[in-house]
Amino acid sequence: MSFDLDATLKEMAAAARATIRGQSKQAGEALRRVLDDQKDALRQITAARIAGEIDEEELQRQLANTRLVFEAGLSMVRAVSKASIQKALDAAFDVLARAIGRAVAG
């Protein structure tokens with residue numbers, strides 16, 4: 001199975017936006033910026049996992065680091081609570097994990 005990062009990023013954004021809907025227009029914009037900024041990193045991480053260059057444990061470590069970057073970007077928006085940020089991150093990274101899993105399974 002091929003992996004479409006652009007489609008996955010759109011799904012991640014939609015999942016995260018659904019959790020912070022109504023809180024702040026700036027939150028949605030911050031989310032888009034962070035996704036755009038981290039696109040290359042996510043592309044490298046997912047490509048390495050799909051190619052078998054890294055195992056699941058390393059994937060999770062790298063995604064945890066990337067998640068911290070996402071959290072920092074969203075934390076810049078004062079109107080979004082810490083709990084909302086965590087829910088948005090959980091939703092976005094759940095989408096990513098499922099997409100990678102499908103691609104690895106072939």
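Reader: How do you know what share of the protein chain is buried?

Author: Buried means under 20% relative accessible area, with exposed over 50% and partly exposed in between, using a 1.4 Å probe and protein chains only; by that cut-off, buried residues make up 40% of the 106 residues in the protein chain. This is a predicted model, in which local features need pLDDT of at least 70 and side-chain atom pairs count only at pLDDT 80 or more, while totals for chains, interfaces and linings use all residues. Residues are numbered from 1 along each chain as its sequence is written, and side-chain values use heavy atoms, leaving out hydrogens and water.

Reader: What makes the protein chain as compact as a globular protein of its length?

Author: The protein chain has 4 helices and 0 strands, where helices are DSSP runs of H or I with at least four residues, strands are runs of E with at least two, and numbering starts from the N terminus. Its radius of gyration, taken over C-alpha atoms, is 14 Å, close to the 13 Å from the globule rule (2.2 Å times the number of residues to the power 0.38), so the chain is as compact as a globular protein of 106 residues.

Reader: Which elements do the buried residues of α2 pack against?

Author: Those buried residues, among them L31, L35 and L42, pack against α1 (5-20), α3 (56-75) and α4 (82-105).

Technical notes. Contact means heavy atoms within 4.5 Å.
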